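Trainee: I would like to go through this chain with you. Please show me the sequence and the model.

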Amino acid sequence: MTHAMLKGSNVPLQATTVRAVLRWAPGQGVPDIDASALLLGPDDRVRSDEDFVFYNQPRHPSGQVWRLGKKRVADGLTDTIQTDLSGVEPSVGRILLIASADGVTFDRVRSLRILLHDATAADAEPLAYFDVKPETGQETALICGELYRRGEGWKFRALGEGYSNGLRGLATDFGISVDESEGMDDPTSAPRPEAATGTPAHPAPAQPTSAQPTSAQPTSAQPTSARSTPAASAQSTPAPPVVGPGQPTTVQPVPDVSRPLPPEQPAGVPAQPAYGYPQQPPTTQPAYGYPQPAGRPDHGYPQAPAAGVTGAQSGYGYPPPVTGAPDPDFRLPPQGPQFVGR
């Protein structure tokens, strides 16, 4: 049977291991909720900072109280604290179950509820639940409930007490040491693991600097002037030849070795023209489409008579030019009947 609890009510617990689940409805502008626990001694204060179980210290040194972490369920988001009540040290009389928001007030949180389950009974109904409602809405940390000893057993009480100064102020009230000047001992000053983004899980290896030479880059201790490359030898100018006795005194010019020399032509063979340069017209055969020499008529065009020559041949298909009087003996060839006059 599930107990629907009101603020200040309590219920006895028969289970030895209980799971306290904080559940809320996500949405735009809704803060992220974190579950934590404080283990209090006989004087209602922590015995040391190790009695604070939260996101940066998720497990108590005794191993009896630990944080399970957040989950997304059908009804919203959850964060859970689990406690083995049978193994809790006798000096611990109360365990506070806390909900905190990261710098955002609880008036933006919807449907905040704490549910108590028997951790040994899988898929069983919750033992009890309590709908937590802030009193002013300006709280940034809430004590939702507490597990406390009663004789030889344990009970759960619904509280709903709020703090406007957040998880840090709540922890300070119960004896957690916080260094106000530097914050070095503040257990809540470290970033939450769920909210940290963009931080690598492992540090990147150190990159080599100028003081750490690598095999890929020569350093000042490795001389590079003695090394020669083909490009350097090709650009260097060779020394002029030494003129000794019996040799001509005229020094031949040194060829430029930066560019390759053309292949030598064999003796008696005329040099071939360079590719892409204009060619000289041959003397025996004219280029196609250019004017023909005067000694050979163009195909299909009338030819002009040569100077001092009569009876020159005309062009192909054209009548010969008339050079004198018509022949009196010229007669037309026989014609067909269609041309005979009537």
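**Surface, fold and pocket**

Mentor: The accessible surface of the chain comes to about 24,300 Å², and 54% of it belongs to carbon and sulfur atoms. Such areas come from the Shrake-Rupley method with a 1.4 Å probe; for residues, only the protein chains shown count as cover. This is a predicted model: local features need pLDDT of at least 70, side-chain atom pairs count only at pLDDT 80 or more, and totals for chains, interfaces and linings use all residues. Residues are numbered from 1 along each chain as its sequence is written, and side-chain values use heavy atoms, with hydrogens and water left out.

Trainee: What share of the residues is called buried?

Mentor: Buried means under 20% relative accessible area (1.4 Å probe, protein chains only). Of the 342 residues, 29% count as buried.

Trainee: How many helices and strands are there?

Mentor: Helices (H or I, at least four residues) and strands (E, at least two) are DSSP runs, numbered from the N terminus. The chain has 12 strands and 2 helices.

Trainee: What makes a space a pocket?

Mentor: On a 1 Å grid over the protein atoms alone, a pocket is an open set of points with protein on both sides within 12 Å along at least five of seven lines. The largest pocket holds about 420 Å³ of space. Lining residues have an atom within 4 Å of a point. The largest pocket has 18 of them; Arg 19, Val 21, Val 73, Thr 80 and His 117 lie nearest its centre.

Trainee: Which strand gives the most to the lining of the largest pocket?

Mentor: S6 does, with 4 residues.

Notes:
Buried < 20%, exposed > 50% of the residue type's maximum accessible area, 1.4 Å probe, protein only. 1 Å grid on protein atoms, 1.4 Å probe; cavity = no way out; pocket = protein on both sides within 12 Å on 5 of 7 lines; lining within 4 Å. Points joined across faces, edges and corners; volume = space filled by probe spheres on them.
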